[in-house]
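Dear colleague,

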Amino acid sequence: MAALADRIASFFSGNDSTTDEGLRDLFISELKSVYYTEHQAVDALGKQAKASTTDEVRNAFLQHQEESRTHVERLEEIFKIIGVRTEERVSESINGLINDVERIIASTESGSLTRDAGLIIGAQAIEHYEIAIYGSLLTLAHVLDFTQSAELLEETLAEEKTTDHTLAALAESFVNKRSKEEEDHHPGSHHASRHPIVNQDVTAGGPLGI
């Protein structure tokens, strides 16, 4: 117990090299995961834009697709800063969320506002996942004194949150209301996807407290 207490004290005083090494490994692992995630998001956003009904929703996806390409470049810069080879680690979480979006596209009527509503729900689930992982990476960067990396992560995290707010505003302003009107006039146009399956465990904050 004494050894554990000493390690806890060393960790909070910043003198535990073993823990620092473990946290660095965790940071690198999550960095590789989010690098994979961003590449998948770029592809998925293109498909979402193509499937969208309204220009407003389509443009929101296309704008975030361009931002996501910038996020990829920032992550590549972080790899260089910390001296680690740039590579991906497959994330089943983002794969599952993208599969949910593809099911929404397959089970809603082309050209319907219900599809746009479903796409927004699916896109926000992805945003919440990205916000969580970037928040956790930012926390680790601060703990490890990765100052340059933290600055880049903060930029991306802010943009992810802005996108989430933009999608929420779109849904509240017209998509949800108009898709309900569409359903009232054409019952069944939503098919089986009025309540699309999304990952209910994803929150708008990282497991490390961001």
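Not counting residues up to four places away in sequence, Leu153 touches Phe27, Ile78, Tyr134, Leu137, Leu138 and Ala141; contact here means heavy atoms within 4.5 Å. Please note that this is a predicted model, in which local features need pLDDT of at least 70 and side-chain atom pairs count only at pLDDT 80 or more, while totals for chains, interfaces and linings use all residues. Residues are numbered from 1 along each chain as its sequence is written, and side-chain values use heavy atoms, with hydrogens and water left out.

Leu153 belongs to the largest nonpolar core, which has 46 residues; Phe27, Phe61 and Leu153 touch the most other members. A nonpolar core is a set of buried Ala, Val, Leu, Ile, Met, Phe, Trp, Tyr and Cys residues joined through side-chain atoms within 4.5 Å. Buried stands for under 20% relative accessible area, exposed for over 50%, and partly exposed for the range in between (1.4 Å probe, protein chains only). At least two residues of this core come from each of α2 (17–51), α3 (55–81), α4 (92–107), α5 (113–143) and α6 (147–185). The largest share, 13 residues, is supplied by α5. In soluble globular proteins, nonpolar side chains tend to be buried together.

**Overall architecture**

The secondary structure comprises six helices and zero strands, in the order α-α-α-α-α-α along the sequence. Helices (H or I, at least four residues) and strands (E, at least two) are DSSP runs, numbered from the N terminus. The protein has 210 residues, of which 48% are buried. Among contacts between residues at least 6 apart in sequence, 79% join residues at least 24 apart. The protein exposes about 10,900 Å², with carbon and sulfur atoms supplying 52% of that area; accessible areas come from the Shrake-Rupley method with a 1.4 Å probe, and for residues only the protein chains shown count as cover.

The 27 residues of α3 should span 39 Å at 1.5 Å a residue, and the end C-alpha atoms are 39 Å apart, which agrees. The expected span of a helix is 1.5 Å times one less than its number of residues. The buried residues of α3 include Phe61, His64, His71, Arg74, Ile78 and Phe79. After α3 comes Gly83, which has a positive phi, near 70°.

Helix α4 has 16 residues and reaches 22 Å from its first C-alpha to its last, close to the 22 Å expected at 1.5 Å a residue. Its buried residues are Ile94, Asn95, Leu97, Ile98, Asp100, Val101 and Ile104.

**Salt bridges**

How many salt bridges does the structure hold? There are nine, a salt bridge being a side-chain nitrogen of Lys or Arg within 4 Å of a carboxyl oxygen of Asp or Glu. Three of them are described here.

Lys32 and Glu87 meet through their side chains in a salt bridge (2.8 Å, N to O). This pair links distant parts of the chain, since Lys32 is in helix α2 and Glu87 is in the loop between α3 and α4, 55 residues apart. Lys32 is buried, with a relative accessible area of 17%, whereas Glu87 is partly exposed at 27%. Leaving aside neighbours within four places in sequence, Lys32 is in contact with Phe79, Glu87, Glu88 and Arg89.

Asp55 and Arg58 form a salt bridge whose closest N and O atoms are 2.6 Å apart. Both residues lie in helix α3, three residues apart, about one turn of the helix. An α-helix has 3.6 residues a turn, so residues three or four places apart point the same way. Arg58 is partly exposed, with a relative accessible area of 22%.

Glu159 and Arg74 form a salt bridge with the closest N and O atoms 3.0 Å apart. Because Glu159 lies in helix α6 and Arg74 in helix α3, the pair ties together parts that are 85 residues apart in sequence. Glu159 counts as partly exposed at 22% relative accessibility, and Arg74 counts as buried at 10%. Salt bridges that share partners also join Lys32, Arg85 and Glu87 into one network. Leaving aside neighbours within four places in sequence, Arg74 is in contact with Leu152, Glu155, Thr156 and Glu159.

Yours sincerely
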